[in-house]
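Welcome! Please open the structure below and keep it in view while you read this short briefing on a few of its residues.

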Amino acid sequence: MTTDTVTDVFEEHRPVLLGVAYRMLGRVADAEDVVQDAWLRWSGGDRAEVREPRGYLVRVTTRLAIDRLRQIKARGETYVGPWLPEPYVTDFGDTVPDAAERAVLADSVSLAVLVVMESLSPLERAVFVLREAFGYPYADIAAMLDRGEPAVRQLAGRARTHVEERRPRYEVDPAERRDLTERFLAAAADGDLEGLLELLAPDARLVGDSGGKSRAPLRVLESADHVGRFLLGVTRKSVPDLSFRFLELNGGFAVLVLSGDKPDSVVQLDVADGRVRTVYVIRNPGKLRSLAAVR
């Protein structure tokens with residue numbers, strides 16, 4: 001391959017590699033580092049025996065992500081307050097024309113599913129991502145991970161059972177989520193507690209991620225009343241030069257709250273039966289850096 005061809009092949013597969021790495025790690029910066037390491041191995045290695053570049057690159061990226069995840073777990077990092085994944089822009093657009101495939105990819109990168117996946121082992125997580133999100137056959141996954149196919153099937157079954165037992169059991173209609181998000185935001189901005197309570201399910205939850213670096217609850221808030229009153233308290237505290245931007249994050253409609261030109265927080269709602277079930281609020285500044293360039 002010429003230098004240009006080597007680069008072109010890698011760039012063609014970069015979105016898939018980043019998707020694999022992000023689902024493995026839940027962190028954009030770590031995923032980008034892993035993909036960069038994969039590029040170094042691709043560009044500097046012997047490609048003479050590579051017959052299928054995509055499979056080879058996915059294998060390299062997956063193994064690098066497993067190593068990175070093991071390092072993170074080995075450090076035993078303590079996190080202040082609830083943990084949520086770093087927001088990830090997922091406007092699939094025309095890149096994934098099949099609606100069913102788009103739905104699978106969106107679900108596999110949702111905040112709720114990624115939170116559950118944090119409790120999987122690195123190998124379980126790799127198998128789950130490759131099988132459930134990208135549809136790789138068990139035999140291919142076994143080859144990528146240097147494991148026997150029966151062992152891979154066992155890992156896949158264990159991971160799938162774990163995720164299914166803990167993930168939300170309701171479908172989220174995109175149009176309904178957008179409508180409720182806009183009404184929810186308007187009620188909060190107007191200080192309308194009654195309006196908020198009408199939109200919140202009685203057992204609604206608020207999960208706030210600040211990492212101890214900004215103001216957010218250090219525990220999950222339970223019940224519509226607690227969630228509504230907290231949100232009104234937050235909106236009464238003025239944010240300089242406040243503005244909002246709507247975009248697709250982690251497979252669903254979300255709100256990027258800006259203070260001037262700087263990201264202040266991300267808000268995303270899980271919706272079922274016309275009510276808000278979970279409010280996700282991400283305020284850790286380190287997790288918002290990748291959104292600074294979003295316009």
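Asn250 counts as buried because its relative accessibility is 3%, and buried means under 20%. Keep in mind that this is a predicted model.

**Positive phi angles**
- Most residues other than glycine have a negative phi.
- Asn250 is not a glycine, yet its phi is positive, near 50 degrees.
- You can find Asn250 in the loop between β3 (242-249) and β4 (252-259).
- Asp273, also not a glycine, has a positive phi of about 55 degrees.
- Asp273 belongs to the loop between β5 (262-272) and β6 (275-282).
- With a relative accessible area of 75%, Asp273 is exposed.

**Aromatic pairs**
- The model has four aromatic pairs.
- One of them joins Tyr22 and Tyr88, which are stacked, at 4.2 Å centre to centre and 15 degrees between the planes.
- This pair links distant parts of the chain, 66 residues apart: Tyr22 is in helix α1 (residues 3-25), and Tyr88 is in the loop between α3 (53-75) and α4 (99-108).
- Both Tyr22 and Tyr88 are buried.
- Trp42 and Tyr56 form a tilted pair, because their ring centres are 5.9 Å apart and their planes are at 50 degrees.
- Trp42 sits in helix α2 (residues 28-44) and Tyr56 in helix α3, 14 residues apart.
- Trp42 is buried, at 0% relative accessible area, whereas Tyr56 is partly exposed, at 21%.

**A charge over a ring**
- Look for Arg131: its charged end sits over the ring of Tyr138, 4.1 Å from the ring's centre.

Note on methods:
Residues numbered from 1 in each chain as written. Predicted model: local features only at pLDDT ≥ 70, side-chain atom pairs only at ≥ 80, totals over all residues. Heavy atoms only, no water. Phe/Tyr/Trp six-rings, centres within 6.5 Å; stacked < 30°, edge-to-face > 60°. Helix = DSSP H or I, 4+ residues; strand = E, 2+ residues; numbered from the N terminus. Buried < 20%, exposed > 50% of the residue type's maximum accessible area, 1.4 Å probe, protein only. Lys NZ or Arg CZ within 6 Å of the ring centre and 35° of its normal.
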